[in-house]
Amino acid sequence: MTLKAQVIAALKKVYDPEMPVNIYELGLIYGVDVDAGGRVAIRMTLTAPNCPVAGSLPAEVERAARAVPGVTGVKLELTFDPPWTKDRMSEAAKLALGLEDIIPIARIRR
């Protein structure tokens, strides 16, 4: 497993405390880059700028990435551009949250 895959696996263990879905499946992680020296750059967002966990979730994400063996440093960028929407969620996350409209009409009409 690559270092990037290990970091993503670690991020999938971080949950938004308000939802029973990990932050990766929620679509809060916009990007993960790992260089040859083991330095990790994570670009993430929150569901809203005034999210109750705005002060704690980014630090938890950084800790999870730093705990991966082989990671030598973590740079976390918190952004709200583009804003998060439920369209960023995986189908698994939508199912877990009981959201409708997870199956596009085009797939149903086969």
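A: What follows describes the sheet, then the helices and core beside it, then the salt bridges. The model is predicted.

The sheet is open and has 3 strands, in the order β1-β2-β3, with mixed pairing. The edge positions belong to β1 and β3; each has a single partner strand, so one side of each is left without a neighbour in the sheet. From one strand to the next, the twist averages 15°. The strands β1 and β2 run antiparallel and are joined by 5 bridges. Within this part, Gly31 stands opposite Arg43 in β2.

Two helices lie across the strands. Helix α1 lies across β1 and β2 and runs at about 145° to β1. Helix α3 lies across β1, β2 and β3, at about 155° to β3.

In soluble globular proteins, nonpolar side chains tend to be buried together. Here the largest nonpolar core has 29 residues, and the members that touch the most others are Val7, Ile29, Ile42, Leu57 and Val61. At least two residues of this core come from each of α1 (3–11), α2 (23–26), β1 (29–34), β2 (39–44) and α3 (57–66). The element that gives the most is α1, with 5 residues. Leaving aside residues up to four places away in sequence, Val7 touches Val32, Val40, Ala65, Val68 and Val71.

As for charged pairs, the structure holds 4 salt bridges. One of them joins Glu77 and Arg43, whose closest N and O atoms are 3.8 Å apart. This pair links distant parts of the chain, since Glu77 is in strand β3 and Arg43 in strand β2, 34 residues apart. Glu77 is partly exposed, at 40% relative accessibility, and Arg43 is also partly exposed, with a relative accessible area of 31%.

Another salt bridge joins the side chains of Asp35 and Arg39 (2.9 Å, N to O). Asp35 is partly exposed, with a relative accessible area of 31%. A further salt bridge is formed by the side chains of Glu25 and Lys12 (3.8 Å, N to O). Glu25 lies in helix α2 and Lys12 in the loop between α1 and α2, so this pair ties together parts that are 13 residues apart in sequence.

Beyond β3 there is one more backbone feature. Pro82 sits in the loop between β3 (73–78) and α4 (91–96). The peptide bond from Asp81 to Pro82 is cis, with omega near 5°, while most peptide bonds are trans.

How values were computed
Residues are numbered from 1 along each chain as its sequence is written. This is a predicted model: local features need pLDDT of at least 70, side-chain atom pairs count only at pLDDT 80 or more; totals for chains, interfaces and linings use all residues. Side-chain values use heavy atoms; hydrogens and water are left out. A nonpolar core is a set of buried Ala, Val, Leu, Ile, Met, Phe, Trp, Tyr and Cys residues joined through side-chain atoms within 4.5 Å. Buried means under 20% relative accessible area, exposed over 50%, partly exposed in between (1.4 Å probe, protein chains only). Helices (H or I, at least four residues) and strands (E, at least two) are DSSP runs, numbered from the N terminus. Contact means heavy atoms within 4.5 Å. Two strands pair if DSSP finds at least two bridges between them. Axes are lines fitted to C-alpha atoms, for helices over the stretch in contact, and angles run from 0 to 180 degrees between N-to-C directions.
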